[in-house]
Structures are given as structure tokens and as C-alpha cells.
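User: Please take a close look at one part of this model. I want the local contacts laid out in one connected account.

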Amino acid sequence: MAFYDGVFKALGLSDWCGAEASSAPMSMADLLAQSSGEETKGEFFPFPSLDNLNESCAGIIQSRDVTKGIEEGFLAAKPMLKSILDPITQPLSWLLDGARCG
């Protein structure tokens, strides 16, 4: 049972959260504990991060999903930004090149 299960039940969000557990990979702390053969020791009151909330409610995304979405957004915008920013920054590149050779 995860720490924030009671919070979601008290707020009446149990149905929204869903009964199925998350299929996300283990956290680094869990992997280290598994490799050493010890049990993971959590904090008394864990910070309500996306990962900790996801343990109690599968409806909340994990932080690695947010990071992946931001990365994909930047990669999708890169060609458009390059076509705008390259002509603007080209004179600076020439200036720096001239300063280096002179």
C-alpha cells in the first residue's frame, strides 16, 4: 500500500485512479535495494512528487513521462527554430570567427 492511497480515497478519486497498478519500470532506489538484497526504506512522509503519487494512483503520470513529452516537443520544434534562429545568429558567428583569426 502506497503512502497517498488514503488521500485519494478521502477525496473520492479511487474510481478515477483505476484499480490497476502502474506498469512503469522500477525506481533507482528500488533497483539498488534489489541488487543489494535489502528492502527499500521510504521516508516517513514522502514528498508528493509525480512518481510517489503514481504509486497510489495510476491516473497520474510519472515524471519520466513528462520529461519525455518535453523532449519530444523540443525535438519537434527544432527544425522550425533552426530556420529562424540560424540567420539571426549568423552575424555573431562571423564576428567571433573574425575575432579569433585577428
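Analyst: A polar contact here is a pair of N or O atoms within 3.5 Å; within protein, one must be able to donate a hydrogen and the other to accept it. Keep in mind that the model is predicted.

Start with serine 56. It sits in helix α4, which spans residues 50-56.

The side chain of serine 56 has two polar partners to look at. A polar atom of that side chain lies 3.2 Å from the backbone nitrogen of tyrosine 4. The side chain of aspartate 5 makes a polar contact with the serine 56 side chain at 3.0 Å. Setting aside neighbours within four places in sequence, serine 56 touches Ala2, Phe3, Tyr4, Asp5 and Phe8.

Now tyrosine 4. Its relative accessible area is 7%, so tyrosine 4 is buried. Phenylalanine 3 is partly exposed, at 42% relative accessibility.

The rings come next. The count is 1 aromatic pair. Phenylalanine 3 and tyrosine 4 form it, with 5.0 Å between centres and 80° between planes. That pair is edge-to-face because planes over 60 degrees apart are classed that way.

Last, glycine 6. It belongs to helix α1, residues 5-10. At 39% relative accessibility, glycine 6 is partly exposed. In sequence, glycine 6 and serine 56 are 50 residues apart; in space, their C-alpha atoms are 8.7 Å apart.

Conventions:
Residues are numbered from 1 along each chain as its sequence is written. This is a predicted model: local features need pLDDT of at least 70, side-chain atom pairs count only at pLDDT 80 or more; totals for chains, interfaces and linings use all residues. Side-chain values use heavy atoms; hydrogens and water are left out. Rings of Phe, Tyr and Trp (its six-membered ring) pair if their centres lie within 6.5 Å; planes under 30 degrees apart count as stacked, over 60 as edge-to-face and the rest as tilted. Buried means under 20% relative accessible area, exposed over 50%, partly exposed in between (1.4 Å probe, protein chains only). Helices (H or I, at least four residues) and strands (E, at least two) are DSSP runs, numbered from the N terminus. Contact means heavy atoms within 4.5 Å.
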